[in-house]
Structures are given as structure tokens and as C-alpha cells.
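Here is a briefing on one protein structure. Have a look at the sequence and the model, then read on.

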Amino acid sequence: MPVITEIADLKRLYKRRVPKMFYDYAETGSWTEQTFRDNTNDFQEIRLRQRIAVDMANRSTATEMVGQEVAMPLALAPVGLTGMQNADGEIKAARAAEKFGVPFCLSTMSICSIEDVAAHTSKPFWFQVYTLKDDDFMRRLMDRAHAANCSAIVITVDLQVLGQRHKDLKNGLSAPPKLTPASIANMMTKVPWGLEMLQTKRRFFGNIVGHAQGVSDPSSLSSWTAEAFDPSLNWERIKELMDMWGGKVILKGIMEVDDAVKAAELGADAIIVSNHGGRQLDGALSSIRALEPIVKAVGDKTEVWMDSGIRTGQDVLKAVALGAKGTMSGRAWLYGLGAMGEQGVTKALEVIHRELDLSMAFCGRRNIKDVDRDILLVPKGFSGEWG
Ligand code: FNR
């Protein structure tokens, strides 16, 4: 077993273990991938200020996200098709998150269903919903999430239309995958992955097949996904969905102050400054640059979180110092899952936590709740001076 000290180690193992089409699905952004690259690179622009001779015993990274106690301000972001990266992947990731004490958010487009995940975990998880046209299906999804004791829903508001990812189109990515000779040849080299996939019955979109109208079997799925998303989404509909749920709501995919103000007015319990990991609007600002003006505008009215680009504990620290009350990470835990299953997700969380804890100490803070902008050196114009 190789020694794993950083997320990049897990990514290397993941690449080796998982078929190319699923690796490509995760490790890509839309169009030129500029925003995908900026998300990680822009964190590097910010520097940390080292302090000395401050008592660093008894540190704590524990805090709350929408009132829920968390071991560190990081939740597992919703990731579609997780169960194709590693058999029963959503269940494994949810279990790792639960043991670590951070929230897990299940995607609508997961392989394991809401009920599957609930049956294999003991604490409430969050459920992510897309804004779909089919009202009936939305209601049933939310009823199922209530029945599964989900403690919050995350409404993803940045997917009225779908960003284009060249690699996915070329690879025939879908669930089940459209198999080409090249993808079959590649899958045959991924023996441990394949053996595990053969042993599970969970290989299709578990929340959809048998639940959405007209999707009784996997072959009817692709036409459903092409039609399902609601391009006419507006704020009234978002409010309707929030009321439909009636509990805690987190709105994910907000990049502009005006939209954040509107979301706060509607009563969102938290908003996530997110460009969907660079998978939707290529050319959008990185989330870490978009964060601070939004915190300034609505940080006293709702919790502002961020995601997109987090690969280290230092990234989490920088986001918190810029005012984020929480963060989410998608790929970092997915690499761990693809590399080593549940153990790999735990490893990813341990790596990030250790980096966060030690960096916080170097910066002279003992408690994550005391982290503020004073620990940072931020380039002038980092979040502004764009026309
Ligand atoms: C996603 N993301 C996503 N978001 C969502 O709301 N529903 C979903 O089903 C998915 N699916 C999905 C699949 C894959 C492979 C990735 C990488 C991402 C976006 C995700 O929740 C999160 O916003 C980003 O992953 C954050 O960026 P990082 O942490 O991956 O850089």
C-alpha cells in the first residue's frame, strides 16, 4: 500500500483504478476548462501569515453548518454517478463522512438511492435536488428525502442548461455507459473495479429508474435526462421548491451579489458560492474570487459557503478566512473513493483535516471560529477590479 500524504496521492491511485470514462467525467470542466483550472490556481494566489509564540495547545476545527455540528467546516458535495467510480460509492462515502463527523450530500443523480443510503447510515444526511420540470417527481423526491430523515436539502440552481464537457461526449458517458470498443478495452484493464461492479446490483440512477415517469428501465434514462431540467426556472419556482420541502434549504450555485441578496431574502438557510467545479459556465470567475463580496453583502443574513477548487486544508482555511461559514468539496473525496473505497474517503478527510488544523496553528489561531481575514495576504483586486 503506497504512503498517502496528500490528495494528489489519492488522485494518482484513482486514475489507475477507475475506467477512463469515469475518471474523465470527474477530472474535467466545461469547454476550455479555464474556470476549472482557475478554481484551484486562484487559491494559490492567496498567502498565509505565520505567527509565533501564541499558545497552540487544545486546537479545534469544530463548528456548525446550518446548525449541525461538524468536525471541520467541510461537507461532501453532491456528485452524480458516484456509484460508478466505486461500487456502492454513495453508501461508502456517506459512511465515511458520518464516522468523521462531516455532512454528506447525496446527489439526485446518484447510483445508490436515497433509501439505500438511509439504510446503511445512522445519522441524517443531506439531499441535493435539481430544479426539474416534473413537479410530481420533485414532490415525490422530497417526500422520499423526508422519509429518509434527510436534515436539509441542497437545491442546485445553476443547472437550467447543461455545460458541455467535450470528454464526456467523446467517451459516450451515461449510466449505463454507451460502450465503445475503446471503452470496453479500457474497462477490461480495470479488473478490481470491474469485479466489484459485477457484485453490486446498483449500477443505474437509483433515485430515478422506477420513480420518474417514463423511466421504468435504464434504457429510457438518457431521453429523460435530456428533457428533465427546467430551463424556465425563476425565483418563484425556487421559492415554491423551498416551501415544498419546508425544512432547511441550501441554495447551491450562486456567483453574483444580486442573486445572493435575492436568495437571502427568500430565506435560504445557506447559500453556496459555486461554479459547479467549473463544469457549467466556463469563463466564470473562480469561486474563491467570487466569495468575499457575497459575504459582505449577505453574510449577516444567511450562511455563505463556497465550493469549487478545494484540494487541501489550506484551501478550506483560506475560504473560512474570507468569510465562508462552511465549504464543500467534490473531487477531493471522490479521488479517495475511486482509489480505495470508504477507506479512501476517510483518508481524504484526514489529509484535509490535518492540513487545516496545522495551518490554522501556524497562523496563530487555536479555534476555527477565530479565523478571520487577518491571517491572509490577499493580492490587491483579488475579488474586485473586474469590469
Ligand atoms: C459534480 N457536481 C454536482 N453538483 C450537484 O449539485 N449535483 C450533482 O449531481 C453533481 N455532480 C457532479 C459530478 C462530478 C463528477 C463533479 C466533479 C461535480 C458539483 C459538485 O457538487 C461541486 O459543486 C464541485 O465538485 C465542487 O468543485 P470541486 O471540489 O470538485 O473542485
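Both Tyr130 and Phe229 are buried. Buried means under 20% relative accessible area, exposed means over 50%, and partly exposed lies in between (1.4 Å probe, protein chains only). This is a predicted model: local features need pLDDT of at least 70, side-chain atom pairs count only at pLDDT 80 or more, and totals for chains, interfaces and linings use all residues. Residues are numbered from 1 along each chain as its sequence is written, and side-chain values use heavy atoms, with hydrogens and water left out.

**Aromatic pairs**

- The structure holds six aromatic pairs. Rings of Phe, Tyr and Trp (its six-membered ring) pair if their centres lie within 6.5 Å; planes under 30 degrees apart count as stacked, over 60 as edge-to-face and the rest as tilted.
- Tyr14 and Tyr335 form a tilted pair, with 5.7 Å from centre to centre and 35 degrees between the planes.
- Tyr14 lies in helix 1 (residues 7-17) and Tyr335 in helix 16, so this pair ties together parts that are 321 residues apart in sequence. Helices (H or I, at least four residues) and strands (E, at least two) are DSSP runs, numbered from the N terminus.
- Tyr14 counts as buried, at 0% relative accessibility. Tyr335 counts as buried too, at 2%.
- The ring centres of Tyr130 and Phe229 are 5.2 Å apart and their planes are at 85 degrees, so that pair is edge-to-face.
- The pair of Tyr130 and Phe229 links distant parts of the chain, 99 residues apart. Tyr130 is in strand 6 (residues 126-130), and Phe229 is in the loop between helix 11 (221-228) and helix 12 (235-245).
- One aromatic cluster is formed by Tyr14, Tyr23 and Tyr335.

**Nonpolar cores**

- In soluble globular proteins, nonpolar side chains tend to be buried together.
- A nonpolar core is a set of buried Ala, Val, Leu, Ile, Met, Phe, Trp, Tyr and Cys residues joined through side-chain atoms within 4.5 Å.
- The largest nonpolar core has 116 residues. Phe104, Trp224, Leu251, Ile271 and Leu291 have the most contacts inside it.
- Helix 16 (residues 331-362) gives the most to this core, with 14 residues.
- Another core lies apart from the largest one. This other core has 14 residues, among them Val66, Ala75, Cys105 and Ala152.

**Helix 13 against helix 14**

- Two packed helices are described by the angle between their axes and the distance between the axes.
- Helix 13 (residues 257-266) and helix 14 (residues 287-298) pack at an angle of about 40 degrees, and their axes are 9 Å apart. Axes are lines fitted to C-alpha atoms, for helices over the stretch in contact, and angles run from 0 to 180 degrees between N-to-C directions.
- Which residues meet here? Val257, Ala260, Val261 and Ala264 in helix 13 meet Pro293, Ile294, Ala297 and Val298 in helix 14.

**Buried residues and their contacts**

- Contact means heavy atoms within 4.5 Å. The contacts below leave out residues up to four places away in sequence.
- Ile155 is in strand 7. At 0% relative accessibility, Ile155 counts as buried. Among its contacts are Val129, Leu241 and Leu251. The C-alpha atoms of Ile155 and Ile272 are separated by 10.0 Å, though the two residues are 117 residues apart along the chain.
- Phe43 sits in helix 3 (residues 34-45). Phe43 counts as buried, at 0% relative accessibility. Phe43 touches residues including Ile288, Met306 and Lys318. Phe43 and Arg289 are 246 residues apart in sequence, yet 8.7 Å apart in space, C-alpha to C-alpha.
- Ile254 lies in strand 8 (residues 249-254). Ile254 counts as buried, at 3% relative accessibility. Ile271 is one of the residues in contact with Ile254.

**Positive phi**

- Most residues other than glycine have a negative phi, and most peptide bonds are trans.
- Asp88 is not a glycine, but has a positive phi of about 55 degrees. Asp88 is in the loop between helix 4 (82-85) and helix 5 (89-100).
- Asn149 has a positive phi as well, near 70 degrees. Asn149 is in the loop between helix 7 (135-147) and strand 7 (152-156).
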